[in-house]
Every structure is written in C-alpha cells, then in structure tokens.
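I opened the notebook to record what I looked up in this model, entry by entry.

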Amino acid sequence: MKIAVDAMGGDFAPLEIVKGSVEAAKKFGCGIELVGDEAQIKEELAKYPGWQKFDISIHPTTEVIEMGEHPAEAVRKKKDSSLVVATRLVKDGECDAVLSAGSTGAAVAAAQTIFKRIHGIGRPAIATPIPTPQGATLMLDSGANVDTKPEHLMQCGIMGSIYAKYVFGIEKPKVGLLNIGEEETKGNEQAKETHALLRKLHTIHFCGNAEGRDIPKGTFDVVICDGFVGNVVLKFGEGLAITIMKLLKDAIMHGSIFAKLGALLVKPTLLRLGKRLDVTEYGGAPLLGVNGVCIIAHGSSNAKSICSAIGVADSYARQDVLGHIRDTLAKEAELADREVADLAEEERRERQTKRHSDSEKLAD
C-alpha cells in the first residue's frame, strides 16, 4: 500500500506534512510518496535520522497550487503542481491513495478531472467524522458541493452507509437526513424530495430525519446534507469545542485555590475529553464518489493530523470501499429497473383485464 502525499499543501507545509508522513510510515507500515519541491522535502527528512529504512520516496515537482487560486483553473494550468502530480500517481496505478491538506476546492477539482466520477454518482461528497459519545457520526457532504439536488443527496446516503460499514465496522449503519424536524413533512422541498428517494432505497438502513443535535449525540451513524449546510455545521462544531475548552480553562485559572486543586485531580479526565474532541484524531475526510482514493485534510493540519489522515487513506484503500460503492449502485439500479418492469407488467395486466371485462359487457 502506497500513499501519494501532497507535501506542499497546507499552512505548515512541508514541515508538518513530512513529519506526519514519517510518523505514519512507522505506525502503519505503508509506503509514502512525498510529492513536491525536492530540496525542501529532503531538508525536512534530514531532521529524522533513519527515515531511509522506511518505504519513503520523493517525487519532485516544480509547482504549487496556492489557497487563493481558482481551483479548476489552477488544476488545468499547473500540470506539474504537487497536488495534480500526486493525484495522477494514483490514476496511473503507482500509488493507492492521494492525500492533500492544500486547497479543498483544488483537491476536489483534481480528483474529478483525473479520476472522474463513479458511474451513477452525480457529484462527489466529502465525508467528515464528528466525535460522539459512541465514536463518530459520519456527515456528508461537508463542503464539496454547495448546491445539491435530491438525487445527489440520495447517492450520499448510499456512499456514507458503505463507508461507515467497511471503515467504521458498523454492520447496519443508521442513516439520517439532516432537517429541522423529525417528521417527514418538515423542511424545504429539497429535504422532502430527498426523504422520499431515501425511503425507496433497498441497500441502506434509512431511519428518517435527523436534527442538528442528533449529530454530536450519535443518534445516527451517517447524516447527510448539502455541502453548504455541512460545512457550516462542521466549522461551528470545531469552534464550539475550542471555545468550551478555553472557557473551562479560564474558569479554572481565575477560580479559587480549591478550583485549581479540583482541576488537578480531574486533569487526566480533562485530557481524555480533549482527546475525544481533537479533530487531529481523525485527520482527514474521504472524497466519496470519484474513481480513486482521495483524502482531504484540514489546511491547518499538524503532523499528528497528517499521520491520522494517512491512516484513513490506508484503511479506505485496503477495505476496497470504491468497489463496494460501485457494486451497491449497480444493485440499486438493478432493483429499481426490476420494480419499474414489475409495475409496467402489473399495469399491462390491469389493462388486459379491463379490456376483457369491457368485451364481456359488450357481448352481454
């Protein structure tokens, strides 16, 4: 298993990217292809004596896609950028997955342009795990598409369910549609139409509408929404977690001596809580719906986050999630065609019965 890592993507590239890649090579035993400026990558690797004993190599490139560039335009023009070359290494079969902490828009554009979409998928979606008391809720889309049609959200339900099953190990993931109420009559037209489509699916366990509070509670294993709403939810959650921890710290620091002593006693518990809320524990989010494994990490990713994201990429590729998505879509299409054929046959028989009945009445 070999992961192509965009070494130049992210706020702290290549420093944190290289460090996280070395840690991942040690932890997961997978191969790492660091793509980017050779001199800078070598300078960072030199900080880790013995890195040569791991399966780490460098693929030099001469260009970088910056955060402020137009995604599709940059992908088209900068053929030798670290992101485009890393994605093409997967397309050409030299690597099994690509990881980037650079521009999310550019990563999505590169994956769609080079990998192409899976047959039966209208738009890809970013699937992000949200921490819950039980583990995590997979939310998608969290930013790939801001305008989404009901059929695209239905496809998100299928892809999210498959990912949760094979990567999270949940045999029958509970899928929910993010809405403003539990009743199926609630929400805008998009939500109502999506709800009706999800109810017809045969291959997922759709459990109805999910409200915002259900995401951190873990009521559902998979929650689907359009990328605009999903990105707002994601960033609100990140900000809230940071604010709660800061408020707690401030309250302790400015409290009485007893408050400080109490905090000292519960410090191990607070550290465990902080770890549960730490987004670096999950690292990266898969872009589902394209014909290749693409993992998108946060722009501010540190080494720990990059290491975790490489673990996500490794697991995604090993579990053949792509193959399972293709098989499930084919099965849904086959079942839908069969239902249409059965309905047509039923209507034909009803018309035949009616004609026979009309004929008998005329004969009488």
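This is a predicted model: local features need pLDDT of at least 70, side-chain atom pairs count only at pLDDT 80 or more; totals for chains, interfaces and linings use all residues.

**Entry: Ser-82**

I set aside its neighbours within four places in sequence, and Ser-82 then touches Asp-6, Met-8, Val-35, Gly-36, Thr-61 and Glu-63. I checked where Ser-82 sits, and it belongs to helix H4, residues 82-91. Is Ser-82 buried or exposed? Ser-82 is buried, because its relative accessible area is 2%, and the cut-off for buried is under 20%. The side chains of Ser-82 and Asp-6 make a polar contact at 2.5 Å.

**Entry: H4 against H5**

I stayed with H4 and looked at its crossing with helix H5, residues 104-114. The two axes come within 10 Å and cross at roughly 35 degrees. I noted the hand of the H4 and H5 crossing as right-handed. Which residues make the contact? From H4 I listed Leu-83, Val-84, Thr-87, Arg-88 and Lys-91. From H5 the list is Ala-106, Ala-107, Ala-110, Ala-111 and Ile-114.

**Entry: helix H2**

Next I took H2, residues 38-45. I found Ile-41, Glu-44 and Leu-45 buried in this helix. They lie on the same side of H2, because they cover an arc of only 100 degrees around the axis. I then turned to the face pointing away from the buried side of H2, and there I found the exposed residues Ala-39 and Glu-43. What covers the buried residues of H2? The cover includes helix H1 (15-28), strand S2 (31-36) and strand S3 (56-60). I also inspected the start of H2. There, a side-chain oxygen of Asp-37 comes to within 3.2 Å of the backbone nitrogen of Ala-39.

**Entry: aromatic pairs**

I searched the whole structure for aromatic pairs. How many are there? The search gave 2. One of them joins Tyr-163 and Phe-168, edge-to-face, with 5.8 Å centre to centre and 75 degrees between the planes. The other ring pair I looked up is Tyr-163 with Tyr-316. Their centres are 5.6 Å apart and their planes stand at 90 degrees, so this pair is edge-to-face too. I checked the positions along the chain. Tyr-163 is in helix H6 (residues 150-166) and Tyr-316 is in helix H12 (residues 303-318), so the pair links distant parts of the chain, 153 residues apart.

I wrote down the accessibility of each ring residue. Tyr-163 is buried, at 3% relative accessible area. Tyr-316 is buried as well. Phe-168 counts as partly exposed, because its relative accessibility is 31%. I logged Tyr-163, Phe-168 and Tyr-316 as one aromatic cluster.

**Entry: cis peptide bonds**

I moved on to the backbone. Most residues other than glycine have a negative phi, and most peptide bonds are trans. I therefore looked for departures from this pattern. Ala-13 and Pro-14 are joined by a cis peptide bond, with omega about -5 degrees. I located Pro-14 in the loop between strand S1 (2-6) and H1. The bond from Leu-140 to Asp-141 is also cis, and its omega is near 10 degrees. I placed Asp-141 in the loop between strand S6 (136-140) and H6.

**Entry: positive phi**

Lys-116 is not a glycine, yet its phi is positive, about 70 degrees. I found Lys-116 in the loop between H5 and strand S5 (125-131). Lys-116 is partly exposed, with a relative accessible area of 48%. I noted Asp-320 too, where phi is near 50 degrees, again positive in a residue other than glycine. Asp-320 sits in the loop between H12 and helix H13 (321-363). Asp-320 counts as partly exposed, because its relative accessibility is 43%.

**Entry: whole chain**

I ended with totals. The protein chain has 13 helices and 11 strands. What share of its 364 residues is buried? I recorded 45%. I also looked at contacts with a separation of 6 or more in the protein chain, and 72% of them are between residues 24 or more positions apart.

Terms used
Residues are numbered from 1 along each chain as its sequence is written. Side-chain values use heavy atoms; hydrogens and water are left out. Rings of Phe, Tyr and Trp (its six-membered ring) pair if their centres lie within 6.5 Å; planes under 30 degrees apart count as stacked, over 60 as edge-to-face and the rest as tilted. Buried means under 20% relative accessible area, exposed over 50%, partly exposed in between (1.4 Å probe, protein chains only). Helices (H or I, at least four residues) and strands (E, at least two) are DSSP runs, numbered from the N terminus. The arc is that of the directions from the helix axis to the C-beta atoms. Contact means heavy atoms within 4.5 Å. A polar contact is a pair of N or O atoms within 3.5 Å; within protein, one must be able to donate a hydrogen and the other to accept it, and residues adjacent in sequence count only if both atoms are side-chain atoms. Axes are lines fitted to C-alpha atoms, for helices over the stretch in contact, and angles run from 0 to 180 degrees between N-to-C directions. A crossing is left-handed if the near helix is turned anticlockwise from the far one by less than a right angle, and right-handed if clockwise.
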